[in-house]
Amino acid sequence: MPEDAPTKVAIACQGGGSHTAFTAGVLKGVLREWEDEYELVGISGTSGGAFNALATWYGLVTDGEERAIELLDALWDDLAADDLTDRMANDWGVALSRIEASGLPLPRVSPYLTPGSRLGKSRIRRILERHIDFEAVPDHCTREAPELVVGTVDVNAGVFETFTNEDVTPEAVLASAAVPTLFEAVEIHGHYHWDGLFSQNPPIDDLMTGDAARKPEELWVIQINPQEREGEPTSLEEIADRRNELAGNISLNQELRVIERVNDWIDAGHLPESDFSKTRIRRIAMDRAYHCSTKVDRSPSFLQELQDLGETRAQTFLAEK
């Protein structure tokens, strides 16, 4: 490979509700600054991370970096609670989430018994279809295009399931974001699917097992859930927060360990470098503590705060090389 060839990069976008507005900021910062030094060969996402992955991929394959940035901005503008009714519903939802995390008992209602579930799903579909021409997606799935991967879990089979490239439909993205307590499961090919937070968060393996000529030399993980926390969680809120974070990182760390093990085997000479190549893992972490209830907070000011933080983290990350 020529020494001046761009570094092949795959980006994996962890899910985490409204906190994934941070991911949008990271992606915008990266797309503005990386120029010809890097080549995106794959991007994956789960839940809100899937929204960001899809918008970035579609913008890049249709009209380049600027279009991807515009789509990310437009998507989060539409997802924000920007009118009076939506803001009131958002504030109520955040308050209920905080009360629930404190351990106080609250009545629970199945999403199959409330109209809010269907209304929320319909709204997300309208937003996605407003910005993404899903019928044109297969035409853009060329050998030169980055791999696109969306993560879900098959409720019936009890297995992880990913949707790649032309199989990324509105249903696949909705399934990736179908939190079981908030939304009905999404039926695809006769099976029901839930939020990908229960599976690969985010999908890694699909990014590593595609075309060998386009295997990523670097894997960038945009990590929403903090890996480390100081001190012992003692209150019910702290325990709920940390339990949520650990659950979101389990599948991610398992997949990353596989890559690290292969890297170690190559270094030890157990795998020939003529047939195997190492992948450097780099994390772009949010590294700021927010209460778990803010994962449902769609207030414009909070989403903008997260995006600004993401852009700042992207600048620091790129400067580190």
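The model is predicted, with local features requiring pLDDT of at least 70 and side-chain atom pairs counted only at pLDDT 80 or more, while totals for chains, interfaces and linings use all residues. Residues are numbered from 1 along each chain as its sequence is written, and side-chain values use heavy atoms, leaving out hydrogens and water.

Select residues 21–33, helix α1, together with residues 65–79, helix α3, whose axes come within 9 Å and cross at roughly 160 degrees; helices here are DSSP runs of H or I with at least four residues, numbered from the N terminus, and axes are lines fitted to C-alpha atoms over the stretch in contact, with angles running from 0 to 180 degrees between N-to-C directions. That crossing angle makes α1 roughly antiparallel to α3 (angles over 145 degrees).

Next, show the side chains of A21, A24, L27, K28, L31 and R32 in α1, which meet E65, A68, I69, L72, D73 and W76 in α3 (contact means heavy atoms within 4.5 Å).

Now move to the second largest pocket, where about 420 Å³ of space lies; a pocket is an open set of points on a 1 Å grid over the protein atoms alone, where a 1.4 Å probe fits, with protein on both sides within 12 Å along at least five of seven lines, and lining residues have an atom within 4 Å of a point. The volume is the space filled by probe spheres set on the points, which are joined across faces, edges and corners. Select M208, K215, V262, F276 and S277, which lie nearest the centre of this pocket among its 19 lining residues. Finally, colour α7 (205–208) and α8 (236–267), each of which supplies at least two residues of the lining, with the largest share, five residues, coming from α8.

Methods. Angles under 35 degrees count as roughly parallel, over 145 as roughly antiparallel, 65 to 115 as roughly perpendicular and the rest as oblique.
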